[in-house]
Amino acid sequence: MKDFKYIRPKNLDELLAIKNEQQEEARLLAGGTNLLVYIKEGSLKRATLVDIGSLAALKGIREKDGYLEIGAAETITDIMASPLVSEKLPFLRESLQGFANPLIRNISTVAGNIAEGSPIADTAPLLLVLNSEVVVASIAGRRNIPIDDFFISLGKTEIKAEEVIITIRISIPEKGKGKFVKLGLRKGTSCSVVSVAVWLIANGRGVEDIRIALGGVAPLPLRAVKTEAFFKSKILDENNIGELALKVTNEVTPITDVRSGAAYRSEVSAALLLKAVRECLGMEE
Amino acid sequence: MELYEVELMVNDGAVSDRVRAETTLLDFLRENNFTEVKRGCSKGDCGACTVIIDGRPVPSCMTIALQCRGKKIYTVKSLGSWDKLHPLQQAFVDHEALQCGFCTPGMLMTAKALLSDQPHPSREEIREAISGNLCRCTGYQKIVDAIEAVGKGGKK
């Protein structure tokens, strides 16, 4: 029997009090694009739906101390439309163009995308290559969780039952270029089979620094540090770039599911990584 | 099971009902005779149930009714009537941009929101805007033609 309650906290203190009292029972409702699926399929039968969609304390996009700070209730559409985002980090806006579809982008949020600890959350690879932090709050106070520590295991994150995400902080890189590529079964409204984000700092074709993250190829969104090490200090050319990209197949641990086979995912990882690096270098468009 | 009183503004009129916490806007609308809003996949994949909320097209199946308090909701019936079709509706007729018609109410609302934001969209922009609205029979060519024609603006 379904047993749901609804509450719309008036401010952050009220929200934190509810979360502290009800813990896991309080489920945060912003866009609701995960929550409503769970309710409809019956995997979630009882909860208090805590409506944070209009909570002013979780809104706003600003720049502070070299970071873009995005309120947890900001929609993907609003992030993409933000002049500040376009100016400081166009990579983020460009990458979000592949997120779900325009209708879903009008309601869903980055915080909601990562909060479920899904390995195919499309914003996770972006955050992983950009030194991001997830700011969570509880009645006890706030803490910043570095994105590298945020994902713990399949479906599990570092957020405690009494905590809520209030802000996503994304460091604004001083130099470099990023590219996000995803492969789904079709273009719109499609979960990723594999997604790859790259942030590359290059001097000509010499790699000064590179960050690589992937979705859909491991129980967690994966930062491919071993593959990054192969790339570092290399001068990239038409010949070695493909070989280097292939190294990622040793680092991913994909599974076979309804969307694709493990071997295919592994191959696609290398192909998408190659494409992303080439695009960062302006080698293809 | 708890019920909540809710009053929503739909097509500029107030509509009151008692709903559950998890009642979707789609269910609320259909149960209150706004059956022009179509139920397709019910999980945010197909766009058939698209309505405009505060100027933006959203899938009403993925929206909780209680979340819409204080917002302005418009369904396809806000566009035009039999006697006086909205230019988009007329263009869909003229370009034969529908066959079974099931996706049309959602498609029109997405197109309406697009043209409000961007009165003269390119074909690429139209395709992107309607990428969350699935059509299983006509195909998208004629739908894009119809929206493009209104954007190019012979008739408003």
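The dialogue below takes up chain dimensions, the sheet, the core and the interface in turn.

Guide: This is a predicted model, in which local features need pLDDT of at least 70 and side-chain atom pairs count only at pLDDT 80 or more, while totals for chains, interfaces and linings use all residues. Residues are numbered from 1 along each chain as its sequence is written, and chains are lettered from A and ligands numbered from 1 in the order in which they are written.

Visitor: What radius of gyration does chain A have, and what would a compact globule have?

Guide: The radius of gyration is taken over C-alpha atoms, and the globule rule is 2.2 Å times the number of residues to the power 0.38. For the 285 residues of chain A the rule gives a value near 19 Å, and the chain has 19 Å, which agrees. Its C-alpha trace spans about 60 × 40 × 30 Å along the principal axes.

Visitor: In what order do the 4 strands of the open sheet in chain A lie?

Guide: In general, strands of a sheet pair through backbone hydrogen bonds, either parallel or antiparallel. Strands (E, at least two residues) and helices (H or I, at least four) are DSSP runs numbered from the N terminus, and two strands pair if DSSP finds at least two bridges between them. Here the order is S11-S12-S13-S14 in chain A, with antiparallel pairing. Strands S11 and S14 of chain A each have a single partner strand, so one side of each is left without a neighbour in the sheet. Between S12 and S13 of chain A there are 9 bridges; Val196(A) has Leu214(A) in S13(A) as its bridge partner.

Visitor: Which residues have the most contacts inside the largest nonpolar core?

Guide: In soluble globular proteins, nonpolar side chains tend to be buried together. A nonpolar core is a set of buried Ala, Val, Leu, Ile, Met, Phe, Trp, Tyr and Cys residues joined through C-beta atoms within 7 Å; buried means that 20 or more other C-beta atoms, placed from the backbone, lie within 10 Å of the residue's own. The largest core has 141 residues, and those with the most contacts inside it are Ile52(A), Val129(A), Val196(A), Val198(A) and Leu273(A).

Visitor: How many residues of chain A are in contact with chain B?

Guide: Two residues are in contact if their C-beta atoms, placed from the backbone, lie within 7 Å. By this criterion, 25 residues of chain A are in contact with 26 residues of chain B. Elements of chain A that each supply at least two residues of this side include strand S1 and helix H2.

Terms used. Buried ≥ 20, exposed ≤ 12 C-beta atoms within 10 Å, placed from the backbone.
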